Amino acid sequence: MKSQSTMICCLMLFLTTECSLYRAKIHIKDGDKWQHPEEKPKTGRIQEKCHGPCITSSNCSQPCAQSFRGEIGFTCNQNKWQKSTETCTSLSVETLFQDSKSVPRLSIAAPSMTLPILDFHAPPEPLKSVAQGILRNCPQDYACIIEAVKSSKATSGNIAFIVELLKNISTDLSVNVTQEKMKSYSEVANHILDTAAISNWAFIPDKKASSDLLQSVNLFARQLHLRNASENIVDEPFIQTKGFHLSHNTSLEESFRFSGNVNNTPEEILGMIEIPKHHLWKLPPNDSQAITIAFPTLGAVLKEEHMPNVSLPRLVNGLVLSVILPDRLKQIILTFEKINKSQSARAHCVGWHSRKRRWDEKACEKTLDIKNRVKCRCNYTNAVMSFSILMSPISIDDKILDYITCIGLSVSILSLVLCLLIEATVWSRVVVTEISYMRHVCIVNIAVSLLTANVWFIISSNFSKKARDHKWCVAMTFFSHFFYLSLFFWMLFKALLIIYGILVVFHRMMKSRMMVIGFIIGYGFPLIIAGTTVAITVPEQGYMRHDACWLNWDNTKALLAFAIPALVIVAVNLLVVLVVAVNTQRPFIGSSKSQDVAIIRRISKNVAILTPLLGLTWGFGIATLIKGNSLVFHIIFALLNAFQGFFILLFGTIMDHKIRDALKMKMSSLKGPARVAENASLSPNNGSKLMNR
């Protein structure tokens, strides 16, 4: 193999460029059944409980059955003993090489680790003799350990033993890895990844065992040397490995298919990887190799390290697949078929961070999410070696919310359109001073901002349910963010109008200058905030949520770019209303000033009502982000958010008596000519003229 650095990335892979689909068959080759009964891993559950009194949170242990070393730990929960840990093992280095008389009894413990699953009374011994035993007995293919491993029961202790064995083989025997060695290595790993063994992973005391297994397999496969252009190296029921050569003019497509009962689902699971054509051109003229590994059951046992504000465990909903690529290839496109195909099970594209030992959502970006499949665009590094999809831990998918949103937005849009029509009808009759003119400018722009934001919300909601294009989703999120912010900044400008009308007595600003200031505040500031948010978060793929075209919260907290300005404006507006409520009680001299004060009082009432409503709406919106909260919060937010347009029509327009008076006058003026014409047609003179004809 040519010397070059490679990178490992794991999960479902499909390289666009053509290579035949390949099916990983769950059944054993050559006509055998899926698994012979004598080969099926056994759980080895020997003792089921302790014999002493069960006191809540108390612990006890029982020795393993004969022929096993170790013990089974129990914890008392709700007055019942429940198994918590198990270290029962029948394997040792001696059993691995029992046919070789020259190999002494050894411990499987790593050089600096104690492993209580073997000999609990003797100090740990170095593992280097295991490598010596393999090199002495089967240096060409490592096959001499397979029979002992496959004949063992898949107890928790034996699983931990085999993980440690594979880990140390990857460390000490990963030079010049051949296909024969990779096959033997994978047969050992397949034994502990069998569906019958999965439940016993939960009782291994070392919770890092599953991530150690993944990292060990990737490390070992990284040193694999390919002989042919494309070959199926490993085709075990629970682990598959493929290798192929790449070059700048290569066209490849790779897929993994697992048939059979995977994670209690009888359906076939598919995973594919694609390398964009323009990335393949970055390869050197000479051939480079790529190795891919697929795991259908590993996702069920991968244990994440605890993270703040994240509910664990997070369920893997697809294959886990690793790939080793040339150093110059930095991006891949992954397609995963969902194990749980429920429409309410939303997916997140993730990469496994080997150092942090947890799924990293920043490593991938979701580009497609339909009922059966998810497509991800992922970047990989030495730390992020594997990829998969997670089920959302919380999926609020209630028909009540859908009905509320649909009906509420319809009412809101109709209300805003009616608000704009009323303003157009009474405009000339209500804009008598600079203050009143700018007040109605504010109302019109508030209505326009919310109306536009609602339209973008509807478009993005429907768009999210279908195949989503990333750039379009970014655009829709930006416009929704911008216009919702504009709504609040125009509310802020209304509060500033109040201050201006109260404090400025002897000087009046020109309407044109006030308009410029209003549009700078109402649209300029939101544009700066929304644009800055896009510029900062889009390069890190943290601008949008993974399940909707709206601001991200889980990773980058981009939603704060909306929540903080909105809630600050709410607080400022309420403070202004309180201050002005006191100042407007004193008398003012001059009819013009008194007229302005009356207008200011109407603006203050409007702001005093609308501001809490808007603030309360988005306050509940932030509350819905807290995981585990009640559905009631989602329903209240949906109601308030959907009916914002109705609130603006009611409290900003209809409840203003000046607008009502202007409407009455407008209606009277429209009726006036009709009545005059009617009276003229009924007059006696008109009647006589008609008779004379």
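Predicted model: local features only at pLDDT ≥ 70, side-chain atom pairs only at ≥ 80, totals over all residues.
Select strands S2, S3 and S4, which form an open sheet in the order S2-S3-S4 with antiparallel pairing. Strand S2 (59-63) and strand S4 (80-86) stand at the edges; each has a single partner strand, so one side of each is left without a neighbour in the sheet. From one strand to the next, the twist averages 35 degrees. Next, display strand S3 (residues 71-77) together with S4: 6 bridges join these antiparallel strands.

**Second stop: helix H11.** Select residues 511-537, the 27 residues of helix H11. At 1.5 Å a residue, this helix should span 39 Å, and its end C-alpha atoms are 38 Å apart, which agrees. Centre the view on Ile520, where H11 bends by about 30 degrees. Then highlight the buried residues of H11, among them Gly518, Ile521, Gly522, Tyr523 and Pro526. Further along the helix, Ala530, Thr533, Val534 and Thr537 are also buried.

Select helix H15 (residues 644-654), in which Gly645 lies. Is Gly645 buried or exposed? Its relative accessibility is 0%, and because buried means under 20%, Gly645 counts as buried. Finally, display Leu418: the C-alpha atoms of Gly645 and Leu418 are separated by 9.9 Å, although the two residues are 227 residues apart along the chain.

Key:
Residues numbered from 1 in each chain as written. Heavy atoms only, no water. Helix = DSSP H or I, 4+ residues; strand = E, 2+ residues; numbered from the N terminus. Expected span 1.5 Å × (residues − 1). Bend = angle between axes of the 7 residues up to and from the residue. Buried < 20%, exposed > 50% of the residue type's maximum accessible area, 1.4 Å probe, protein only. Pairing = 2+ DSSP bridges. Axes fitted to C-alpha atoms, helices over the stretch in contact; angles between N-to-C directions.
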